[in-house]
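Here is a short tour of a protein chain, meant to be read with the structure open beside you. Have a look around first, and then we can go through it topic by topic.

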Amino acid sequence: KIFQAVVSYVGNDGTIYIIPKSFETALNKLMAEIQDTFKGLGLLIPYCWKKGEACVVRGPDTVWYRAKIVEVSSSILQVQYVDRGYIESIPQCHLYPTTFYTAVPPFCIPCQLYKTLPIGNFWQQDAIDYLQELLKNEEVEIHVEELPDNPWDKLSISLYFGGMSLSSFMAYQKYCVAEDGQDMQKLGIFEGDLLPSYLLQPLPVPGETFPVTVTHLVSPKELYICLDSSGNLTTERDASHDSESLNKALKWCNKIVKTLPHLTNFKKELPCLAEYVDGLWYRAKLLSITQLVPVQILVQFVDYGTYLVAPTSRLRRIPCHLLKYPVQAVRVLLAGFRPASDDKNVERIPYSPEWSLKALWTMMDCVEGKHLSASILTVSPEVTISLYGDDKNLVHLKLVEMGLAELDE
């Protein structure tokens with residue numbers, strides 16, 4: 001069985017506690033009932049607690065949770081939150097014995113990684129800390145591999161985050177050995193000899209109008225667009241799903257990026273991860289080496305179209321599962337206009353001097369943050385489109401009105 005779950009806790013023995021997404025509604029309902037039933041402080045009179053006894057505990061967030069006694073010692077008790085998994089030492093005044101809700105099974109499931117052997121036969125503390133930092137409160141995909149003989153024992157699972165196998169990833173970090181040899185191949189970070197490439201975005205058929213957003217302008221005539229998820233076309237729905245899955249996968253990659261290998265291959269068009277000025281890592285491809293000492297490389301962010309010159313320290317090898325998502329940004333040319341022959345503005349675009357900078361800024365104002373739609377005219381040799389603004393008029397008409405462009409039949 002495969003299902004989505006949220007990791008609530010990683011125990012000191014490496015047990016991963018998960019709450020299936022399908023349990024969330026029932027758990028929230030139970031939590032609301034507990035808050036209505038128990039108010040104020042815990043039990044303030046002396047009480048003889050027993051190991052394994054059911055109780056409710058007032059957590060550090062002042063919310064009441066179901067729990068059970070794990071260990072009894074003087075005034076401090078060790079309890080386990082039965083719906084979260086974590087264990088905590090708590091003063092007796094924050095607990096209340098109860099038999100309420102004991103008929104409701106725990107909502108979190110204790111799990112162990114299938115065919116995964118920690119180094120030294122038990123999980124080291126640094127591995128536990130890393131798992132906790134990586135997984136706590138994150139949504140993951142669970143593949144049930146083996147049911148326990150005793151229903152209270154741990155479920156054997158394969159866990160995937162952002163399309164990546166946790167067992168394979170922890171084995172790569174030298175925290176464990178993944179007995180399933182096939183699993184290492186699924187991680188797919190280390191294929192240096194092959195030259196992988198990105199998939200291209202499927203486009204709507206010519207003549208159909210579809211919503212788009214502009215992600216980058218090269219010139220008033222050349223820009224990068226993304227298919228907008230608000231449309232109803234199948235292509236757009238697929239693009240929206242791809243974009244959502246890609247964003248989740250990239251979020252995970254940003255969490256583990258420091259563990260990914262640096263680039264050792266600098267072939268043109270090579271896919272990689274690159275750090276943008278906002279400190280986040282995105283999919284990119286190498287274009288050229290712009291400087292040798294120190295090495296500076298021109299990259300393009302394939303899901304936006306933007307460019308950046310970056311040192312090698314801001315580049316990493318890309319996990320292969322990120323290559324299955326088509327590039328989100330499509331380079332297009334706009335039809336129906338050309339630079340004005342009598343444009344007297346002296347400031348020109350350095351790499352495209354036929355256009356003035358004023359024309360570029362004007363086009364930027366026309367498309368930035370606007371609800372745009374497009375219609376493909378040709379796909380070869382270049383993807384050429386008509387681009388319409390909020391008012392359903394062609395965006396370039398503004399440039400023509402201002403004398404920055406002229407109509408081109």
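This is a predicted model: local features need pLDDT of at least 70, side-chain atom pairs count only at pLDDT 80 or more; totals for chains, interfaces and linings use all residues.

- β3 and β4 belong to an open sheet of 5 strands, with antiparallel pairing and the order β6-β5-β4-β3-β7.
- The edges are β6 (87-91) and β7 (95-97); each has a single partner strand, so one side of each is left without a neighbour in the sheet.
- From one strand to the next, the twist averages 45°.
- Helix α1 (residues 24-37) lies across β3 and β4, and its direction makes an angle of about 75° with β4.

**The annotated segments**
- An unreviewed UniProt entry carries the annotation "domain: Tudor" for residues 48-105 and 265-325.
- Residues 48-105 are 0% helix and 50% strand, with 25 Å between the end C-alpha atoms.
- For residues 265-325 the figures are 0% helix and 48% strand, with the end C-alpha atoms 22 Å apart.

- In helix α2 (residues 125-135), the buried residues are Ala127, Ile128, Tyr130, Leu131, Leu134 and Leu135.
- Why do these residues share one side of α2? The arc they cover around the axis is only 165°, which puts them on the same side of the helix.
- After α2 comes Asn137, which has a positive phi, near 65°.
- Helix α6 (residues 357-367) buries Ala359, Leu360, Thr362, Met363, Cys366 and Val367.
- These residues of α6 also lie on the same side of their helix, because they cover an arc of only 165° around the axis.
- Gly369 follows α6, and its phi is positive, near 70°.

**The nonpolar cores**
- In soluble globular proteins, nonpolar side chains tend to be buried together.
- The largest nonpolar core here has 46 residues, and those that touch the most other members are Leu135, Leu159, Phe161, Leu166 and Met170.
- Leaving aside residues up to four places away in sequence, Leu135 touches Val7, Ile16, Val140, Leu159, Leu166 and Trp252.
- Another core, of 28 residues, lies apart from the largest one and includes Leu223, Ile225, Cys366 and Leu399.

Key
Residues are numbered from 1 along each chain as its sequence is written. Side-chain values use heavy atoms; hydrogens and water are left out. Buried means under 20% relative accessible area, exposed over 50%, partly exposed in between (1.4 Å probe, protein chains only). Helices (H or I, at least four residues) and strands (E, at least two) are DSSP runs, numbered from the N terminus. The arc is that of the directions from the helix axis to the C-beta atoms. Two strands pair if DSSP finds at least two bridges between them. Axes are lines fitted to C-alpha atoms, for helices over the stretch in contact, and angles run from 0 to 180 degrees between N-to-C directions. Contact means heavy atoms within 4.5 Å. UniProt positions are given in the numbering used here, feature names are shortened, and annotations may be inferred rather than shown by experiment. A nonpolar core is a set of buried Ala, Val, Leu, Ile, Met, Phe, Trp, Tyr and Cys residues joined through side-chain atoms within 4.5 Å.
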